[in-house]
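Thanks for coming, everyone. I have one model to walk through today. Let me put it on the screen.

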Amino acid sequence: MDEKLQGPVTSGTSQGSGEYFCRVGIGNPPTPSYLVLDTGSDVNWIQCAPCGDCYQQADPIYDPSLSSSFSRLTCGTPQCQSLDVSECRNDTCLYEVSYGDGSYTVGDFVTETISFGGSDKVDNVAIGCGHNNEGLFVAAAGLLGLGGGPLSFPSQIKASSFSYCLVDRDSDKASTLEFNSVIPNDAITAPLLHNPKVNTYYFVGLNGISVGGQQLPIPQETFAVNENGRGGVIIDSGTAVTRLPTTAYNTMRDAFKAGTSSLPSANSVALFDTCYNLSSMKSVQVPTVSFHFSNGNELKLPAKNYMIPVDSSGTFCFAFGTTASSLGIIGNVQQQGTRVSYDLTNSLVGLSPNKC
């Protein structure tokens, strides 16, 4: 499929979510729905009536009995066979997906029409019709899986590329999610690496990090995928805060602290251990933070993508965290204001700051 598809993307902050949402229509006639944009998973799903257990969402819950394009998948279909966890009941396919934070969704695996603003629509997209859903999905009706596996939305429509721009977290403006659009010329590109053990994640070739213009003494293998398919760094729109292996994080935090010793410190907040009380200051200077990619390119992060307000009284925190596993994650706080383009044909990711 080559035609360009696009839909509006907004921040979920005003609805109490740390995720970004795309507005789509599900079914015929379309039920308007917010779906979480998630490049870290594959299965698309929405909450479905009748609900055994549904969380609060912003719009009325989609009711398959009112849609003429709804169709259940049988157990022998390739879509059903591609699920990691599935079950068969009366020859209809049931799915279950659980996420790293303990959230989950369970229900019928079906095909449905998904429409993006106006006339752009895609028929027969395999999606989960979730009758039992629990977890941190505040306000959204479900999730749009943008990962690299066979059931993700880009894979199902055979997209050659896709991109999104994540507006600033507190903005009420909309940007776009686009399929089959080219990487902008001014983008800073990084290689997307193939991990034969995990086809869902977009691993990025990260070689190092610098703070205040100085590259940190972090061994490159800290960021590499090992022969068991573990480790590496992924770019994930569905995780808020960038998480790094503990040794890398500690080195980076210590360098940042050394460069901000004149700023008044504040107590740690949740997962942030490095916070500042900036209530009496109009503007501050902080060290620059850059990612160095394995093709030699450097991405300088805007300060607002790593010094973030955590309350309304002037407390700001250094917005990175540690990961309990060996997997590093570049999260959506660090992608704010940036158009992130995934060129699936050429295995490149392009980052274009201030392009929303």
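I will go through a sheet, its helix, the cores and then some backbone details.

First, the ground rules. This is a predicted model, where local features need pLDDT of at least 70, side-chain atom pairs count only at pLDDT 80 or more, and totals for chains, interfaces and linings use all residues. Residues are numbered from 1 along each chain as its sequence is written, and side-chain values use heavy atoms, with hydrogens and water left out.

Start with the sheet. Helices (H or I, at least four residues) and strands (E, at least two) are DSSP runs, numbered from the N terminus. Two strands pair if DSSP finds at least two bridges between them. Here four strands make an open, antiparallel sheet, ordered β16-β15-β21-β22. At its edges sit β16 (214-215) and β22 (298-301), each pairing on one side only. Strand β15 (residues 206-211) is joined to β16 by two bridges. Look at V211: across from it in β16 is Q214.

Now the helix. α3 (residues 246-258) lies across β15 and β21 (289-293), at about 20° to β15. Contact means heavy atoms within 4.5 Å. For that angle, axes are lines fitted to C-alpha atoms, for helices over the stretch in contact, and angles run from 0 to 180 degrees between N-to-C directions. The 13 residues of α3 reach 18 Å from first C-alpha to last, close to the 18 Å expected at 1.5 Å a residue. That expected span is 1.5 Å times one less than the number of residues.

Which residues of α3 are buried? They are A248, Y249, M252, R253 and F256. These cover an arc of only 125° around the axis, so they sit on the same side of α3. The arc is that of the directions from the helix axis to the C-beta atoms. On the other side, T247 and A258 are exposed. As for cut-offs, buried is under 20% relative accessible area, exposed is over 50%, and partly exposed is in between (1.4 Å probe, protein chains only).

Next, F293, in strand β21. F293 is buried, with a relative accessible area of 4%. Not counting residues up to four places away in sequence, its contacts include I188, V204, L206, L299 and L351. I188 is 105 residues from F293 in sequence, yet 9.5 Å away in space, C-alpha to C-alpha.

On to the cores. A nonpolar core is a set of buried Ala, Val, Leu, Ile, Met, Phe, Trp, Tyr and Cys residues joined through side-chain atoms within 4.5 Å. The largest has 65 residues, and F153, L177, F179 and F320 touch the most other members. A second, separate core of 19 residues includes V36, Y95, V97 and Y99. Beyond four places in sequence, F153 is in contact with residues including L5, I114, F116, V122 and F179.

Last, the backbone. Most residues other than glycine have a negative phi, and most peptide bonds are trans. The N28 to P29 bond is cis, with omega near -5°. P29 is in the loop between β2 (20-26) and β3 (31-38). A49 to P50 is also cis, with omega near -5°. P50 is in the loop between β4 (45-47) and β5 (71-72).

Where does K158 lie? In the loop between α2 (153-156) and β11 (161-165). K158 is not a glycine, but its phi is positive, about 55°. K158 is exposed, at 65% relative accessible area. S347, not a glycine either, has a positive phi of about 50°. S347 is partly exposed, at 37%.
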